[in-house]
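Please read them beside the structure.

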Amino acid sequence: MSLILILEQSLNGLQFGLMLFLLAAGLTLVFGIMDMINLAHGSLYMMGAFLAATLVQATGSFALGVLLSIPATAAVGMLLEVSVLRTLYARDHLSQVLATFALILIINELVRMIWGSDMPLSAPAALAGPVQLLPGMPYSSYRLLIIGVGLAVAVLLYFVVAKTRIGMLVRAGASNREMAMAMGVDIRRLFTLVFGFGAALCAIAGAMLGPILAVQVGMGENILILAFVVIVIGGIGSIRGALVGSILVGMVDTMGRAFIPAILREFISPAFAGAIGPALASILIYLIMAGVLVWRPQGLFPARG
Amino acid sequence: MRRVLPLCVLLLAIAFPLAMQAIDQAYYVTMASRILIYGLAATSLNLILGYGGMISFGHAAFVGAGAYAASVMIVEGMTSAWIGWPLAMAVSALLALAIGAISLRTRGVYFIMITLAFAQMIYYLTVSMKAYGGDEGLTLTQRATLGFGLDPHLDLRDDITFYYVVLAILTAALFFVSRLVNARFGRVLQAIRENEPRMEAIGYPTLRYKLIAFVLAGALGGLAGALLAGQNNYVNPGMLHWTESGKLMIMVILGGVGHLYGGVFGAIGLLGLEELLANHKIAWLAALYPNYQQHSLLGVGLAMLAVVLYAPQGIAGIFRRKNHG
Amino acid sequence: MAEALLRVQALEKRFGGVVATDGVTLEVARGEIHALIGPNGAGKTTLIAQLSGSLAPDAGRIVFDGADITAMPQHDRVRAGLSRSYQITSIFRKFSVRDNLSLAVQARSGSSLAFWRPVAAETALADEAARIAAQVGLGERLDAAAGSLAHAEQRSLEVGLALATNAKLLLLDEPMAGMGPDESQRMIALIQGLRGAVTVLLVEHDMDAVFRLADRISVLVNGAVVATGTPAEIRADAEVRRAYLGDEVPA
């Protein structure tokens, strides 16, 4: 287990964590402000990936395709919010869970009908080769791009939420919705905008991760659960919590998958280690979430006072 | 009237396979068995979700655990249903005890998330069980046996016999649940759902009652799982995926939350709809979109959405409204 | 003086920067009706919540009937004989009045881990529920759904639920809130009827009721007890007059 391998996996973990943050940020805002559990958030991520793949093919340019997929997905998201999701704000959590679960099925099938079960999306040729980060440590330049994009969006998000007026409205809504409404904020428009923004973030994540994880129907469900785990750990409604939680989950998931089987092999038979190792890595994340729920249920950085 | 109707339905259910045999449509018997088994699974969820108000998003884990326990027994040579099925219930009950003891200390959305998380953990565990099929699942060479040995007609390999056994078990379970919800325990459970803090304030240790209900529901779910494994002669980790938990929840709400037959109605409704869309061509739909049957999940999703948005009381709710004019 | 049934020692509770309970020390003698008064925001309900067990204090001790119950969970305190009614009505709205009260009776009548026998067949529970309903003036409303009752009737049911637990010490949190004069008189008579049999810690704003009912009064201001004494002593206390009573002191 060389240092290089550890560094490499850490970077992979950071990369995955940052993309997870894009999903978690949108999810935590929707949950924190609108008090709505939206299981279809993963479907927006999937839509972003499919739209990006289509637009990349249509325009012939990776950058252009990805960039265009962002407003396209945001539009889809806002349409969804105005038509169906708006009626769920007043409903109880069970109804929200079931209705958005139904939406997952619907959107999955619609995507399958329009595009088929999967679509090709590859990293741009210019980034196909590795970059020498350290002597003896090549690292995929595309993954470096992802890290760069993720950090840029995180900084942008911080700027918007902490320094702009609309960010202040969002934070006010997250910590006390009734008060924000009483102070005259047009809450319906704010909700739609927040939702569209969340969808845009999903699109970035979906488009960027597409070349690595494959663009296919059902890609949203697995990452959705991780996103929920992140916001529970980080604290519902808290962007800072989403960032810390995502990096934590991304790292634990990636490093766990990479190293737990190897560590186990020191103690038990290779066959058994190979079988139970990946399972343990996955289970570890849920154990952390379960622990947080029991000992600090409001999360690491609770948004609500 | 209220007692006569279920009895009539039961008689119809008993006559059903014989009728199917007569018109040479034995396939429907296996389909009916499947619906009844899911009816049992949904009923077990209805106990904690409908009557108890506990939104457990990981119930498929208990169904799946029961399925795996029963299957492992058969694979290891222990083919008697008298051992395999109670064991499946015990395994699921223990699992429910462990998961419930931790999860029930949380409320609201956190409870939903933590039950989901635990179910996912069990799911990954079954994927890792390479000895029992891992990701691809486990195919069973035979169904469990009732082992009487005397009368060949009690052989569960016969689909019609299996149907009757499933029907008997479901009927017994529904009877047990009907007694339970009207007994002291059932009233406490429903009162906890109504106003848990006040229940604590009049002297009930609410966590204890919720946990017991959770374990009972887990055990019943495990039994459904064992039957499901027998029905298909197959188990795979997919049975524990959270989307399966979602389907069970939809069945409960479709059938009628907190209604005795809600689970059964929901199973009939959802599985019937799936079957209808997948296997029976509807002319005008086909004209609209020729391949629609490959996308039956779209129809299922739309139906689910419609129920949640416009008929949250479910099928049983329609009856209730009729009764009250 | 009769010995203390409830002894509260230096109880403290903080919510972030806000001190809700600031070293409350209080004694309630067995058999007395002890009123707790104070301006809005003084922390009366927070104190009741800590005494009943739904809120854990940050510091201090609560001794009930000789036993330290500071760490005891709420349902065990009820079993030990300490229960409360709520300022904001908290009843079982979908259940009938009879079933509401019967539930409370059931909690103290044997195990509820019964899965078979229909509870409707237990006439003993229903009879006891009817008795308590009559006591709080709801004898004619046994079959009504609790949610369909008028506000004052719901308040009566609220107190009835607490009574049904057969407590030694009842913490009544503004039982007369929102009641008209007739219902208030009835509630006053009810509480008076409890004197001697049940010890009562009564939180109330209705000064008329307080001065008629109370054997002793404690005044809570900003989370601390500033005075304890007989109604006459409290009426005469200059500091209390300044802080709270103002012109509200009855002649």
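The points below take the B–C interface, then a sheet in chain C.

1. Basis. This is a predicted model: local features need pLDDT of at least 70, side-chain atom pairs count only at pLDDT 80 or more, and totals for chains, interfaces and linings use all residues. Residues are numbered from 1 along each chain as written, chains are lettered from A and ligands numbered from 1 in written order, and side-chain values use heavy atoms, without hydrogens and water.

2. Interface extent. Chain B brings 25 residues to the contact and chain C 37 residues (heavy atoms within 4.5 Å). About 2,900 Å² is buried between them, 56% of it on carbon and sulfur atoms; buried area is the accessible area (1.4 Å probe) that two parts lose on being put together, summed over both. In chain B, R184(B), R187(B) and R198(B) lose the most area to chain C, together 33% of what that side buries.

3. Charges. Four salt bridges link chain B and chain C (a side-chain nitrogen of Lys or Arg within 4 Å of a carboxyl oxygen of Asp or Glu). One of them joins R198(B) and E158(C), at 2.6 Å, N to O.

4. Helices of chain B. α7(B) gives the most, with 13 residues.

5. Sheet in chain C. Six strands form an open, mixed sheet in the order β6-β7-β8-β3-β9-β10 (strands pair if DSSP finds at least two bridges between them). β6 (82–85) and β10 (224–229) are the edge strands. β3 (33–37) and β8 (199–203) of chain C pair in the parallel sense over four bridges, and A35(C) stands opposite L202(C).

Notes
Helices (H or I, at least four residues) and strands (E, at least two) are DSSP runs, numbered from the N terminus.
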